[in-house]
Amino acid sequence: MSSTTSHSDNITMAGGGLYSLATIGAKHVIDAATPMVTGAIDAMDLGALDRFTVSDMGCADGGTSLEMVRTAIGKVRGRTQIPINVVYADQTGNDYNALCQTVYGHTPFTTWLGEHSDTFPFMSGTSFYNQVVADGALNLGFSATAMHWLSEKPCDISDHVQAVGAKGAEREAFVRQGAKDWETILLLRARELAPGGRLVLMNFGVDEEGRYLGNTDGINMFDRFNENWQQFLSDGVITEQEYKGMTLPQYYNSVEEFSAPFKDPSSPVSKAGLRLEHVETRVVRCPFAEDFKSHGDSAKFASEYIPTIRSWNQSIFAGALASSRPEQERAELIENYYGTYESQVRENPQGHAMDYVHCYMVIQKTA
Ligand SMILES: C[S@@+](CC[C@H](N)C(=O)[O-])C[C@H]1O[C@@H](n2cnc3c(N)ncnc32)[C@H](O)[C@@H]1O
């Protein structure tokens, strides 16, 4: 293993509201899970509560979850008139201006704010690796497509960019980090949740057939990231250190790994009162690859497909480049990287798709 690196500040989604515009697939994932949110609220006893608090952890610019929040608020309001707090939480580097614009209705998206009385948005820069709200203050904890980001990168991967391609000791280091971080996330939520509260989580994962994001039935997206980055290394465009530095601090748990803390009654998670009520995997097809099937225009497909990828990983590629390089040179190199990828998709579009593979979970905090 080449080096140990602390958690990257480079994990930022595209700002200025671009994230939600480029990432309609992530909204599809949340929309598909909204019945789980309403089911979780239905299962709660709201009678004794003096307020209801929902969190959206890893909310980015808030656009993809607006409809889900609207539905959740409507569901609670249909049963009780207590105040409803909505806590949007992400990392400090998130674009909170874009988040405020979304929630306060200054974008093309239709906000939920103002539709019901006594509903209050809050924006928090607290990571889900820390406690976001006070002990017992949370009724519904929600998170979509965010908890695959690790609290730290356990090592650089010597010949790939993501743990899905890691081998041997490097892979083991990611497996261990994934388990440790999952337990940390759950124990913090166990503190936050009120008895009877629920977590509804949609996390990227590896499904029962070994599928994961961008690796369903066509070209493996992560292998392609890696091949193109390796080509930059072979061509002398980047250095060995820059190649290795592009290790995504992510881990995709399998269903078994997600479920493990709940299966052992003596685990800290079980002892903290968390119970797994529901777990399933789903594949949500890449909307751009699906559209391509009907319009058949490979240039249009490539021009839509690459931005959705850039929206979540450009900051990591850029962060791997030596800070000694002039900023302009770094920007050009990154343009070149995605330009190469875009021309590959344009010239040979078959098999490219960023299909989403998620593990959907509903977790209850018992009394
Ligand atoms: C792919 S986006 C998902 C956004 C939105 N939840 C959705 O489903 O469309 C991942 C988000 O997770 C956030 N994130 C990553 N690590 C985080 C952490 N430790 N705590 C809170 N948010 C985090 C990123 O900043 C980013 O906004």
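Predicted model: local features only at pLDDT ≥ 70, side-chain atom pairs only at ≥ 80, totals over all residues.
The crossing of helix 6 over helix 11 is right-handed. On the side of helix 6, the contact is formed by Met221, Phe222, Phe225 and Trp229, and helix 11 contributes Tyr305, Ile309, Trp312, Asn313, Phe317 and Ala320. Classified by residue type, this contact between helix 6 and helix 11 comprises nine nonpolar residues, one polar residue and no charged residues.

Helix 6, which spans residues 221-234, also packs against helix 12 (residues 327-347). Here the angle is about 125°, and the axes lie 11 Å apart. This angle makes helix 6 oblique to helix 12. Helix 6 passes helix 12, too, in a right-handed crossing. Helix 6 supplies Met221, Arg224, Phe225, Asn228, Trp229 and Phe232 to the contact, where they meet Leu333, Asn336, Tyr337, Thr340, Tyr341 and Gln344 of helix 12. The contact of helix 6 with helix 12 contains seven nonpolar, four polar and one charged residues.

Met221, Phe225 and Trp229 of helix 6 take part in the contact with helix 11 and also in the contact with helix 12. Phe222 is listed in the contact with helix 11, whereas Arg224, Asn228 and Phe232 are among the residues of helix 6 that contact helix 12.

How values were computed:
Residues numbered from 1 in each chain as written. Heavy atoms only, no water. Axes fitted to C-alpha atoms, helices over the stretch in contact; angles between N-to-C directions. Helix = DSSP H or I, 4+ residues; strand = E, 2+ residues; numbered from the N terminus. Parallel < 35°, antiparallel > 145°, perpendicular 65-115°, else oblique. Left-handed = near helix turned anticlockwise from the far one by under 90°. Contact = heavy atoms within 4.5 Å. Nonpolar A, V, L, I, M, F, W, Y, C, P; charged D, E, K, R; others polar.
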